[in-house]
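Please keep the viewer open while you read.

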Amino acid sequence: MSLLEFTNLSVEFETLNGGFRAVDNVSLTVDPGEVVAIVGESGSGKSVSMLAVMGLLPWTAKVTADRLTFQGRDMLSMRPKEKRKIIGKDISMIFQEPTTSLNPCFTVGYQIIETLKKHTDLSRAERKNRAIELLRLVGIPAPERRVTAFPHQLSGGMNQRVMIAMAIACDPKLLIADEPTTALDVTIQAQILELLIKIKEENDMGLVLITHDMGVVAETADRVIVQYAGQQVEQQDVKGLFRDPHHPYTAALLAALPERATGDQLPSIPGVVPGQFDRPAGCLFSPRCSFVFDRCHKEQPTQAGKELGCALCHTPLVAGKPQNEAA
Amino acid sequence: MVETDMNSQAKADRKAGETVLVADDIKRHYEIPQGAFGKPRILKAVDGASFTLQRGQTLAVVGESGCGKSTLARVVTMIEPASGGSLRIGKTDVVNASRSQLAALRSKVQIVFQNPYGSLNPRQKIGAALEEPLLVNTNLSKKQREAKARAMMAEVGLRPEHYDRYPHMFSGGQRQRIAIARALMLDPSILVLDEPTSALDVSIQAQVLNLLRDIQKRYNLAYLFISHDLSVVRYIADEVMVMYLGHPVEQGSRDAIFASPQHPYTKALLSATPVADPEGKRERIVLTGELPSPIAPPPGCTFHPRCPMAADICKRLVPPVQRVCGTTSWCHRPWEAETESAA
């Protein structure tokens, strides 16, 4: 049985200028022990879709889904009280910027213990020991001392480890990591990723990795979902995606990596991700796509089959060439 | 018309490869007061960096946060004075320069900051932001300033209607274009780029990197490119300097550094950078621990507590300069010598 499963999840924000669809019919399944990466530029709705699963969006957000289950239990019809027993315990999340996500008024030990207090029936002393043990587990030196430190006394890498310690405090079955290494140096990034993979393997945990770094994806993920402007544009296992991307956006994103550059000029994607007011009709990627033709401007594309990476495109690419052009 | 003549004259004066900056053993130390009776402690943010910048060439400075790369940028842009060593920009010695000489030099070295959301004044229209350097440093008339600003906007790929807009109306990539345009307004010979693309998405990063390359060619600029992203450095740099705790640990041409890094830290940095190829197998050197405090750096080689190959000598002696395989490194046991003695 898959751990987390949702189909056709949409999130709409009520704004002064009408509704804005930040996430549009996204589906995902995560199995135990699997690493699924969600990639996309900022504004592609990758964080919002996961926050919706966690129930952390403000009241202005309208979340709809055909189906949303965790370990077979329906989370849509679940009462908030029951949901709170799962969130933070079985599903937990590492947030993007550790320095702004941790409360500056409390010690890091207090913030870890808070989770344990809510979800476990450990005694006060046991909780403190567990907090120290968690800090040691994530590789913080002298954890007995650090447990009474405030976030500002620790470096960015340390704070991120504290976030991870908080997230894994109750042995979650599913961990959602939202850009866990974006603010960190490469050497620390390597340590954190290694740590996440180790925890995943030890606990047979499902891991959803939200990132925009293709290098991180290539090194850690099993399966990749590419999101663009709130839509899932491609879904493949990691090797297939890097070998033969089927959606023009994925192909362009990979080509734009400096390490893949061959010529003098980097092949960049012109323009920016469309916002609320400049959504094109038809395919959302059409204004930036290099394979665009008439139909793309008029009709919304449908999802291609699994063999084409579920590409949301009229002419999915195979080996860099668009298919069924005539159609 | 006079304007364009002057421009073409200025451009003709610039020869590619001409040395525009020589830094020799630059130091920047800060005093940390330790109360009324304590002796102040010295924080060595940059402790002896030597390099040269040539027109049309890019020197990349690489390292973790806290290694002194941004302090180096502040010294080169004369935001802060060096506390030791010598710095020569063009033909002027910066350390002994008079106020008026410094004022003239400052327009020759311009900087683009990391975060385009913080480096533009939210209450200033783009036109005004671009004209401000001219208002302060030149006596051009309002009309001339506007003409120059508009011409520069076209150069960096901004549309004319952007002249009257505010920064919040732009995306990150466009803001970085504005910041680049502003840096170019005074016709500098050196551009210091402090992590110019680290706040941007991949597709936008590619646009900005392309723009930087074009501009370098067009104006024959010398770049000091500060970054922690080695894949970007590999793409844009000609020379690379790797820094650790205020001191360069390895210096050399890009090809030499990437092909045969000698210092264990360079090796570790290279191996820690994720590569977008899931099928490539590589050995990863994971460094333990974090950067030590620069107030109390470890004795001997500052890298030894994290170095996977540290020997006894590294804890005692400051490593000597080694020149192996086209790179200059500061290490007791550079990689090449090590493998030779093993064979």
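In which strand of chain A does A:Asn8 lie? A:Asn8 belongs to strand β1 of chain A; helices (H or I, at least four residues) and strands (E, at least two) are DSSP runs, numbered from the N terminus.

1. Ground rules. This is a predicted model, in which local features need pLDDT of at least 70 and side-chain atom pairs count only at pLDDT 80 or more, while totals for chains, interfaces and linings use all residues. Residues are numbered from 1 along each chain as its sequence is written, chains are lettered from A and ligands numbered from 1 in the order in which they are written, and side-chain values use heavy atoms, with hydrogens and water left out.

2. Overall build of chain A. The secondary structure of chain A is made up of 12 helices and 13 strands. With a radius of gyration of 21 Å, close to the 20 Å that the globule rule gives for 327 residues, chain A is as compact as a globular protein of that length. Here the radius is taken over C-alpha atoms, and the rule is 2.2 Å times the number of residues to the power 0.38. The C-alpha trace of chain A spans about 70 × 50 × 40 Å along its principal axes.

3. Of the 327 residues of chain A, 53% count as buried; buried means under 20% relative accessible area, exposed over 50%, and partly exposed in between (1.4 Å probe, protein chains only). The accessible surface of chain A comes to about 14,500 Å², and 51% of that belongs to carbon and sulfur atoms. These areas come from the Shrake-Rupley method with a 1.4 Å probe, and for residues only the protein chains shown count as cover.

4. Contacts along the sequence. Take the contacts in chain A between residues at least 6 apart in sequence: 63% of them join residues at least 24 apart. Contact means heavy atoms within 4.5 Å.

5. Salt bridges in chain A. The whole structure holds 24 salt bridges over all chains, each being a side-chain nitrogen of Lys or Arg within 4 Å of a carboxyl oxygen of Asp or Glu. One to look up is A:Arg67 with A:Glu5, at 3.2 Å from N to O. This pair links distant parts of the chain, with A:Arg67 in strand β5 (residues 67-70) and A:Glu5 in strand β1 (residues 4-15), 62 residues apart. A:Arg67 is partly exposed, at 38% relative accessibility.

6. A pair within a helix. A:Arg130 forms a salt bridge with A:Glu133, and their closest N and O atoms are 3.2 Å apart. The two are separated by about one helical turn, because they sit 3 residues apart in helix α5 (residues 124-137) of chain A. A:Arg130 counts as buried at 16% relative accessibility, whereas A:Glu133 is partly exposed at 44%.

7. Sequence neighbours in chain B. B:Arg254 and B:Asp255 meet through their side chains in a salt bridge (3.3 Å, N to O). B:Arg254 is partly exposed at 23% relative accessibility, and B:Asp255 is exposed at 52%.

8. Backbone angles worth a glance. Most residues other than glycine have a negative phi. A:Asn8 has a positive phi of about 50° although it is not a glycine, and this residue is partly exposed, with a relative accessible area of 30%. In chain B, phi of B:Asp187 is near 55°. B:Asp187 lies in the loop between α6 (172-184) and β7 (190-194) of chain B and is partly exposed at 22% relative accessibility.

9. An enclosed helix. Helix α1 (residues 46-54) of chain A has 8 of its 9 residues buried, so it is largely enclosed by the rest of the structure. Among the buried ones are A:Val48, A:Met50, A:Leu51 and A:Val53. After α1(A) comes A:Gly55, with a positive phi near 75°.

10. A buried loop glycine. Please also look at A:Gly309, in the loop between α12 (294-298) and β12 (317-318) of chain A. A:Gly309 is buried, with a relative accessible area of 0%. Leaving aside neighbours within four places in sequence, A:Gly309 is in contact with A:Glu234, A:Gln235, A:Gln236 and A:His246.
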